[in-house]
Amino acid sequence: MKRKIVSALVCAAMVATMVAGCGSSDSAATTTDATEETTDDAAADDAAAADDTAASGDVITIGFAQVGHESDWRTASTQSCQDVFSTENGYDLQFVDCDNDSAVQLEAVRGFIEQDVDYIIIDPIVSTGWDTVLTECEDAGIPVIVIDRTIDDSDKYVSWVGSNFNTEGLAAGEWLKAYAEAKNIDELNILVIEGSTGASATIGRTEGFKEIADREGWTILDSQSGDFTQDGGQEVMESYCKSYEGQFNVVICQNDNEAFGAMDAMTAAGVSYGVDGDVILVSFDACTAGLEFVMSGDINADFECNPLAAPFVEEVIQTIEAGGTPEKEVYMEEHWFVNEDILTSITVDGAEQALTVVTQEVVDAQY
Ligand code: GYE
């Protein structure tokens with residue numbers, strides 16, 4: 001019974017957001033129709049069913065298919081969901097760590113459908129291959145909320161909450177351009193350590209940064225995946241140090257954990273990096289440990305990606321529970337962190353964006 005009511009609400013929300021997403025002029029009418037249908041359905045259900053809704057204080061069951069445990073960012077993301085969707089807050093969170101395996105993630109989602117959970121949260125390991133399983137969720141009347149990485153081949157989810165990875169890549173590029181100018185460095189030879197292949201975070205950061213590199217005529221010597229892990233970053237950097245010895249002066253790591261591994265590899269190879277070194281080191285995520293390395297000058301700049309999506313996801317869920325239509329896309333706020341105060345801002349996509357110099361206070365305030 002509970003499922004029926006929630007399903008009806010979900011269909012209303014899905015129809016409304018999908019129509020709105022297509023830019024149809026009659027989206028309001030469609031929304032109203034769908035809502036009326038929901039109301040009728042609900043009215044036809046008995047009082048016991050009404051008591052069974054979340055609004056009456058029932059536990060809301062959520063299945064969360066998390067990417068894995070590859071990074072500090074990921075740990076913070078998991079913690080954020082566990083804190084918000086706690087038993088005390090009225091939730092039953094079914095958590096699956098998919099260990100960066102797409103097959104396991106699809107299986108987890110199907111398991112949630114079988115369990116008949118109220119909502120499914122997916123942080124998609126890769127951005128494609130989703131339409132079939134999302135159709136199964138839709139058929140089961142279970143709303144899907146996507147967090148962090150995007151799904152690019154299906155829009156059968158009610159909301160996505162996350163970051164603009166392309167903007168992060170653009171920001172790193174614009175910062176590097178301004179920094180090199182300020183330091184009178186006129187040749188940039190760049191090595192990139194990418195994140196996991198097929199992840200939208202990797203695709204966005206790679207494309208954004210490359211756009212600036214192409215515009216400025218920089219040389220990207222190589223770009224290989226370090227799988228968003230410390231070991232991966234170290235391994236790729238060890239091989240770069242051998243293959244490109246003496247040829248590079250910039251290393252871009254697509255997350256902090258890769259940067260930690262890359263620092264170990266460069267130290268072992270006798271390559272100096274950071275504000276006093278020969279190699280400019282750039283990272284993404286800006287987790288606490290990453291910011292500590294920015295403060296010490298080992299990492300020159302760190303482009304934040306906010307992992308604390310859960311409070312926004314809860315808003316989406318509560319909107320649906322109240323019969324409303326959540327936003328299809330929710331972007332989270334993020335900041336750009338640097339060691340030196342020679343630049344105070346950069347212009348990204350025509351907008352001026354502040355650079356924050358990392359102090360102990362900044363580190364303490366970070367996730
Ligand atoms: O940058 C990395 C994590 O998807 C944005 O995944 C996320 C990325 C994050 O493993 O640390």
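User: Why is tryptophan 175 called buried?

Analyst: Buried means under 20% relative accessible area, exposed means over 50%, and partly exposed lies in between (1.4 Å probe, protein chains only). Tryptophan 175 has 2% relative accessibility, so it counts as buried. A note on sources: this is a predicted model, where local features need pLDDT of at least 70, side-chain atom pairs count only at pLDDT 80 or more, and totals for chains, interfaces and linings use all residues. Residues are numbered from 1 along each chain as its sequence is written, and side-chain values use heavy atoms, with hydrogens and water left out.

User: Is phenylalanine 303 buried or exposed?

Analyst: Phenylalanine 303 has a relative accessible area of 0%, so it is buried.

User: How many aromatic pairs does the structure hold?

Analyst: There are 10 aromatic pairs. Rings of Phe, Tyr and Trp (its six-membered ring) pair if their centres lie within 6.5 Å; planes under 30 degrees apart are stacked, over 60 edge-to-face, and the rest tilted.

User: What makes the pair of tryptophan 175 and phenylalanine 303 edge-to-face?

Analyst: The ring centres of tryptophan 175 and phenylalanine 303 are 6.5 Å apart, and their planes stand at 65 degrees, so the pair is edge-to-face.

User: Which parts does this pair tie together?

Analyst: Tryptophan 175 lies in helix H7 (residues 165-182) and phenylalanine 303 in strand E10 (residues 301-304), so the pair ties together parts 128 residues apart in sequence. Helices (H or I, at least four residues) and strands (E, at least two) are DSSP runs, numbered from the N terminus.

User: Why is the pair of phenylalanine 209 and tryptophan 218 called tilted?

Analyst: The centres of phenylalanine 209 and tryptophan 218 are 6.0 Å apart, with planes at 35 degrees, so this pair is tilted.

User: How do you know whether phenylalanine 209 is buried or exposed?

Analyst: Phenylalanine 209 has 4% relative accessibility, so it counts as buried. Tryptophan 218 is also buried, at a relative accessible area of 14%.

User: Which residues form one aromatic cluster?

Analyst: Trp175, Tyr179, Phe284, Phe303 and Trp336 form one.

User: What is phi of aspartate 349?

Analyst: Phi of aspartate 349 is near 55 degrees, a positive value in a residue other than glycine. Most residues other than glycine have a negative phi.

User: Where is aspartate 349, and why is it called exposed?

Analyst: Aspartate 349 sits in the loop between strand E13 (345-348) and strand E14 (351-357). Its relative accessibility is 66%, so it counts as exposed.
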